Amino acid sequence: MSDLTRLTVTAAREGLAQGHFSASELTRAYVEAVEAAGALNAYVLATPEKALDMARASDERIAKGEAGRLEGIPLGIKDMFATNGVRTTACSNIIGNFVPPYESTVTSQLWRDGAVLLGKLNQDEFAMGSSNESSAFGPVVNPWRRRGSTQNLVPGGSSGGSAAAVAAHICAAAAGTDTGGSIRQPAAFTGTVGIKPTYGRCSRWGIIAYASSLDQAGVIARSVNDAALLLGSMAGHDPKDSTSANLAVPDYEAAVGASVKGKRIGIPREYRVEGMSSEIASLWDKGAQMLRDAGAEVVEISLPHTKYALPAYYIVALAEASSNLARYDGVRYGERVPGRDIAELYEKTRAAGFGAEVRRRIMIGTYVLSAGYYDAYYLKAQKVRTLIKRDFETAFADGIDAVLAPATPSAAFGIGEKSGADPVEMYLQDVFTVTLNMAGLPGIAVPAGLSSEGLPLGLQLIGRPFGEEGLFALAQVIEDAAGRFDVTDKWWR
Amino acid sequence: MSVDQATVRRVAHLARIAVTEDEVAHLQGELNAILAFVDELGEVDTTNVEPMTSVIPMQLPLRADVVNDGFYPDRVLANAPAAEDGFFAVPKVVE
C-alpha cells in the first residue's frame, strides 16, 4: 500500500468512503510516522493506543453507514485544548501534570464528527511566542531546511508543533489557536494553510486562555479544502462561551473553488513596511496577479493605523494575560512550591512554574493595569484598537471584499537566532498578522512560493466579519496558481 | 515611561511572582524595552474615540439563574496539589 500519510484529509476521506483502506490502517500509518519523527519534537504527548481505539470505532461506524464528515481522520491537537483524560499543559511546567476532567467544545465537535486523536502538539508556553522556543518541552524543529543546509529552523509559533506536524505528515491536519498570528505565521513558515476565523466563530470553552478578547481556535492543514472541511466541524455556537456567535455555520467546502470574478481585493500601502525583503514584496505582487488572473480587481487601499496595531496588541494581550494567568497559584491545580504563608506559596509557585517569557508578559500586563497607569496604557490601547477596526470597516464600506498582505516579514529563521536580549525583536514577527486579531476579523495564510533558499513563504487574506467563505474561495485561487509545497527531504526519519 | 528597580519589585509582588536580586536588573531592561516600544501609541490622537469593549457586536446572553452543573467534587479536586475532605487545602491564611 502506498504511504497513506501522503494523502490530504479530502483524499483520505474519499479513500475511506471507497473502502480502499480502513481507518485503522490510516491511523496506524500516522502512528508509525509520529514514532519516527521524534527529532522534530512536534508532539508533547502521543496517544497511539487511544488513536487506534478511536480508529476501530470509526471502522465500525463506516461499516454501519454512519460515518461522520471527518470519520477516521487522524488529527493532532495543540496543547491549549483541554482533552478529557489526556494530559493538557499549554507547554508550561505550572500545569505540567494537568489532566482535564472535561473536553473543549472545539475538540468535542471534531470527535463527534469521527476524527481520531493522535496526540497533543507542542507550542510556545501559554501560546506566548512566535518561534515555539518558549515551550517547557523545548523547541520544535521545522521540517523545512534551507537548501544545502542542515541548520535547524523554527517552525514559527505559537502553534509551531501543529504546523510542523502537518508539514511533516505526522498528522492529517491540526487544531491550533491564534491570538496575534499563532496559526498564520507558523503556517507560512512550514508551507501549510492556516485559518484564524472571525472572533466568536469557534467556542473558546475548554481552551486555555491567553488573551480572551483575541484568542480564537483555527486550523492548520495541507490544502485549502482540508482547512475548510475542519473549520466546518470546529465552528458553531456554544452556550458555554458567551462570546461565541449564534450564527449558522455555512458549508465552507462548497465555497472552495467558487468564482472570485469581480471581487475587490485591497492592497494596504501601510503594510509595505520599511526593510521589507524584496522576496516578500515580489511574492505579494505575484499573489495580486494570481487574483487578477482569476478575475478579481486589485486596488490599493489605506489602513492608516496599521503601525500602532502591534504596540496596542502588546498592551491588550498582556493585560488580559496577567488577569487570566492569575489562576495558576498552586492551589487548584499544578505544581505547588511551599511557602511560610499563602502569599509566599503563590510567589514561589509562580516563579518556579512559569517560564521567562510568560513571567515577563505577566509583569508587563500587571504594570499597565496598575493604579495610575491604566488610562495611559490599557485605555489608550483599547481606543487605538477602535481606530484599527474602523480602518477595516472603512475599507469594507468602500466595497473591498478582502485584503491581501504578506503573512510574515521573512521566511523561517534559525533556532536561537532571535532569542537575544531584546524581546521586541521577536514581537515584530506578528506585524502583519496582529491587526486582524485586534479587529476580530478572519484571516487565512496560504503558501505562495519559495524563498531563494528554498523555504516556503506565505500570503495572507483578511476578510469581513464571518466572511470565511470568501477567504476560502480566494485562497484556493492562490493554491491553484502557486501549487502546494511539500517537504521533499524527510531528514528526520 | 520607564521603570526603576523599585517598580520592578513592586510589580513582581503585585503579579505574585518571586524575583531574585539578580533578576531585577535583567527584568528592568526587558520591561523598559517593551514599554519604550508601546510608548509609540502616544502619537495617536484618540480624542472622542470610544475604547473597544467588544470586537464583534454582540449582546451578552442571559440564562436562568439556576445551578446547572456540578456535584462532582472528586473531579474538581482531581488535579489539586493538596485536598482534604472535599476541599482545596492551603497553609493557614488567618491566624
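# Notebook: a two-chain model

I began with a loop in chain B: B:Asp85 sits between strand 1 (83–84) and strand 2 (87–88) of that chain. I looked up its backbone and found phi near 50°, a positive value in a residue other than glycine. Is B:Asp85 buried or exposed? I found 6 C-beta neighbours inside 10 Å, so B:Asp85 counts as exposed.

**Confidence.** I noted that this is a predicted model. I read ipTM as 0.95 and pTM as 0.97. For chain B I found an average pLDDT of 92, with 99% of the residues scoring at least 70.

**Where the chains meet.** I looked up the contact next; it takes 38 residues from chain B and 55 residues from chain A. On the chain B side, I found that helix 1 (5–14) and helix 2 (21–38) each supply at least two residues. Which helix of chain B gives the most to the side that touches chain A? I found that it is helix 2 of chain B, with seven residues. I sorted the residues on this side of chain B by type and got 31 nonpolar, two polar and five charged.

**Chain A as a whole.** I turned to chain A and found 16 helices and eleven strands. I noted that the C-alpha trace of chain A spans about 65 × 55 × 50 Å along its principal axes. I also found that 61% of the 493 residues of chain A count as buried. Among contacts in chain A with a separation of 6 or more, I found that 77% come from residues 24 or more positions apart.

**Helix 3 of chain A.** I picked this helix, residues 48–63, to follow in detail. I found 16 residues and a reach of 22 Å from first C-alpha to last, close to the 22 Å expected at 1.5 Å a residue. I listed the buried residues of helix 3 of chain A as A:Ala51, A:Met54, A:Ala55 and A:Ser58. Why do they lie on the same side of helix 3 of chain A? They cover an arc of only 105° around the axis, which puts them there. I found that they pack against helix 2 (23–35), strand 2 (74–78) and strand 3 (116–121) of chain A. On the face turned away from this buried side I found the exposed residues A:Glu49, A:Glu60 and A:Ala63.

**Between strand 3 and helix 5 of chain A.** I looked up two residues in this loop. A:Ala127 is found there, and I read its phi as near 65°, a positive value in a residue other than glycine. I counted 30 C-beta neighbours inside 10 Å, so A:Ala127 counts as buried. I placed A:Ser158 in the loop between strand 3 and helix 5 (160–167) too. I found a cis peptide bond joining A:Gly157 and A:Ser158, with omega about 10°.

**A:Gly257.** My last entry is in the loop between helix 8 (252–255) and strand 7 (264–268) of chain A, where A:Gly257 is found. With 14 C-beta neighbours inside 10 Å, A:Gly257 counts as partly exposed. I checked A:Gly257 against A:Asp480, 223 residues apart along the chain, and found their C-alpha atoms separated by 9.4 Å.

Conventions:
Residues numbered from 1 in each chain as written. Chains lettered and ligands numbered in written order. Predicted model: local features only at pLDDT ≥ 70, side-chain atom pairs only at ≥ 80, totals over all residues. Helix = DSSP H or I, 4+ residues; strand = E, 2+ residues; numbered from the N terminus. Buried ≥ 20, exposed ≤ 12 C-beta atoms within 10 Å, placed from the backbone. Contact = placed C-beta atoms within 7 Å. pLDDT = per-residue confidence, 0-100. Nonpolar A, V, L, I, M, F, W, Y, C, P; charged D, E, K, R; others polar. Expected span 1.5 Å × (residues − 1). Arc of directions from axis to C-beta.
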